[in-house]
2 protein chains.
Amino acid sequence: MKILVTGAAGFLGARLVNALLADPPAGLTAIVAADTAAPRLSDPRVQPRVGTIADPAFARSLVDPDVRAVYHLAAVLSGGSEDDFDMGMAVNVDGTRGLLEACRASRGSPRFVFASTIAVFGGGLPPIVPEDLALTPQTSYGAAKAIAELLVAEYSRRGFVDGVACRIPTITVRPGKPNSALSSFVSGIIREPLAGIETACPVPLDTAMWISSPDVVTRNLAHAGRIDTAALGTRRSLNLPGLTVTAGNLLDSLHRVAGAEARGRVRIEHDERVVWAMRGWPAALDASRALGLGFIRDTDVDSIVQQYIDTQRTAG
Amino acid sequence: MKILVTGAAGFLGARLVNALLADPPAGLTAIVAADTAAPRLSDPRVQPRVGTIADPAFARSLVDPDVRAVYHLAAVLSGGSEDDFDMGMAVNVDGTRGLLEACRASRGSPRFVFASTIAVFGGGLPPIVPEDLALTPQTSYGAAKAIAELLVAEYSRRGFVDGVACRIPTITVRPGKPNSALSSFVSGIIREPLAGIETACPVPLDTAMWISSPDVVTRNLAHAGRIDTAALGTRRSLNLPGLTVTAGNLLDSLHRVAGAEARGRVRIEHDERVVWAMRGWPAALDASRALGLGFIRDTDVDSIVQQYIDTQRTAG
């Protein structure tokens with residue numbers, strides 16, 4: 001059997017491929033690793049494919065009946081989707097539909113793990129967002145992901161795929177450079193000062209957010225490929241577990257874990273576009289169903305910061 | 001200014017065109033009446049257009065900057081969408097998106113009244129479905145309409161249109177022949193016996209449903225074109241008011257209004273596909289927001305049956 005990962009050259013995609021290779025399902029022969037740039041993954045079981053998921057022919061070329069699980073992570077992020085509405089729709093909506101159609105054409109009804117987002121929720125929200133609340137996205141990114149969730153549910157109901165949509169929290173701490181996500185700073189205010197770089201926190205310190213570490217998100221996505229979907233019933237979308245923290249909590253943790261000098265490298269400098277986006281996103285979600293299905297969560301903010309430091313040490 | 005009505009040759013579309021002509025907005029010069037068959041509307045202000053909304057070029061040809069309001073009623077109904085998944089998606093999802101794109105290209109940000117459905121809800125539902133419950137459609141028709149609602153909301157947020165999605169109850173009593181809606185019988189068990197025709201009720205007598213008369217739905221759709229959308233905030237979808245009745249209530253009303261002979265023409269003969277569909281649809285919705293915005297409701301089931309009899313007399 002084969003597994004397909006889209007967005008495999010991305011930070012999360014590459015981690016997921018490595019996690020799947022380290023603990024492969026029985027009979028795994030290959031991981032098809034698709035992205036717009038060639039994934040740098042040296043394992044001989046990895047089959048890199050370069051193309052855009054917005055091209056239906058490329059999507060079709062990725063899925064054959066031997067593909068038993070698809071992890072669909074390829075996406076235009078929130079900043080990019082807000083800047084270029086058409087590209088966001090083409091990749092996040094049409095790309096997902098094209099991939100679902102490719103699965104349907106394969107007649108294999110593969111597991112389809114979809115990387116959704118907490119940004120499907122927005123506007124006036126209750127303090128803890130239940131899983132069955134109406135999706136009222138306030139960004140084009142969230143709207144496209146909400147539409148894609150409905151597609152995953154309907155293609156599952158039809159038996160074309162066996163879908164699980166995972167609403168991923170804001171991932172902290174991402175390595176590398178800032179990306180086009182409006183929440184990019186949530187990683188930046190930890191990552192940059194640890195690298196000796198001055199940076200700005202674009203939101204008030206009391207801005208609350210729902211975060212998860214890369215390790216936990218990676219393990220949860222892999223887990224979504226293994227759960228018994230009969231337990232989901234017709235509700236194919238899951239609030240993944242997270243941790244509610246404020247920007248201030250993150251900076252306090254940076255202080256505790258890395259010292260006053262690191263903390264001193266972060267100044268407060270509001271960016272109204274980011275403030276607007278963060279205000280619209282939920283700061284706490286009810287993830288009890290996911291926890292009951294064996295999904296995991298981070299324990300505390302300090303261990304999230306420490307996880308990043310440890311990963312960087314290993315990489316260096 | 002012009003108004004566009006899609007699905008204008010349909011039962012509801014034709015009624016809506018007539019209602020708009022009878023009480024036109026200031027400055028109305030024409031109603032563009034689009035459908036796959038030519039609408040039979042003799043008023044000189046009606047401009048008939050024949051084509052399918054699934055064709056983006058046809059959609060573009062319908063909207064110019066002078067079109068200030070669009071009533072989008074064209075759709076493949078629930079039975080047809082269940083039978084032909086691709087056609088349902090092409091018309092109900094892509095057709096709606098194409099029309100929204102046409103509005104965007106016109107740069108006029110017209111009012112966009114979308115005929116949605118209570119079938120966006122489904123599965124395990126609370127006794128009274130609140131407006132902010134997650135959309136969990138259990139039919140392809142409901143799924144496509146749910147996706148279209150998200151499109152209407154996002155295109156409104158972007159300022160491309162000024163959208164209002166109306167979740168229409170099951171319309172009773174429709175004249176004419178049975179259609180491809182799984183709820184077609186809800187009209188048939190009144191209409192056929194009144195015409196002296198024997199018919200079957202395909203669900204148990206205690207099956208509850210959320211209904212509205214043609215007059216009330218027509219007036220509510222017209223009203224959706226006139227409300228101040230600032231009052232909607234970011235929540236562009238409305239549960240239209242309805243009446244909860246059982247199949248038994250409808251047949252008792254037939255007895256009261258038309259006599260024992262008419263009632264005697266309806267036998268009970270279960271159709272599992274219809275039983276399944278009706279079980280998945282909500283039997284009562286919270287329509288308080290719509291009522292607060294001036295939408296109206298039917299008072300009782302007998303007046304709904306009487307309305308049909310009166311309309312038939314007028315037509316005859």
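Helix 1 (residues 11-22) and helix 7 (residues 214-224) of chain B, in this predicted model, have axes that come within 9 Å and cross at roughly 60°. Helices here (H or I, at least four residues), like strands (E, at least two), are DSSP runs, numbered from the N terminus. The axes are lines fitted to C-alpha atoms, for helices over the stretch in contact, with angles running from 0 to 180 degrees between N-to-C directions. Helix 1 of chain B and helix 7 of chain B are therefore oblique to each other; angles under 35 degrees count as roughly parallel, over 145 as roughly antiparallel, 65 to 115 as roughly perpendicular and the rest as oblique. Their crossing is right-handed, a term used if the near helix is turned clockwise from the far one by less than a right angle, whereas anticlockwise is left-handed.

On the helix 1 side of chain B, the contact is made by B:Leu12, B:Arg15, B:Leu16, B:Ala19 and B:Leu20. Helix 7 of chain B contributes B:Pro214, B:Val217, B:Thr218, B:Arg219, B:Leu221 and B:Ala222. Two residues are in contact if their C-beta atoms, placed from the backbone, lie within 7 Å. By class, the residues of this contact are eight nonpolar, one polar and two charged (Ala, Val, Leu, Ile, Met, Phe, Trp, Tyr, Cys and Pro count as nonpolar, Asp, Glu, Lys and Arg as charged, and the others, Gly among them, as polar).

Helix 8 of chain B brings B:Asn249, B:Leu250, B:Ser253, B:Leu254, B:Arg256 and B:Val257 to the contact, while helix 12 of chain B brings B:Val301, B:Asp302, B:Val305, B:Gln306 and B:Ile309. Six of the residues in this contact are nonpolar, three polar and two charged.

Turning to strands, chain B has an open sheet of three strands in the order 7-9-11, with mixed pairing. Strands pair if DSSP finds at least two bridges between them. Strand 7 (170-171) and strand 11 (243-246) of chain B are the edge strands, each pairing on one side only. Strand 9 (residues 208-212) of chain B runs antiparallel to strand 11 of chain B, joined by four bridges, and B:Met209 has B:Val245 as its bridge partner. Chain A likewise has an open sheet of three strands in the order 7-9-11, where A:Ala208 of chain A stands opposite A:Thr246 in strand 11.

Chain A is assigned domain 1 (2-169 + 212-239) and domain 2 (185-210 + 243-315), with bounds from an automatic or database domain assignment. The C-alpha centres of these two domains of chain A lie 24 Å apart. Contact between them involves 26 residues of domain 1 and 20 residues of domain 2 of chain A. Helix 7 of chain A gives the most to the domain 1 side, with five residues.

Between the chains, the contact takes 17 residues from chain B and 17 residues from chain A. Helix 5 (residues 140-157) of chain B gives the most to the chain B side, with six residues.

Residues are numbered from 1 along each chain as its sequence is written, and chains are lettered from A and ligands numbered from 1 in the order in which they are written. As the model is predicted, local features need pLDDT of at least 70 and side-chain atom pairs count only at pLDDT 80 or more, while totals for chains, interfaces and linings use all residues.
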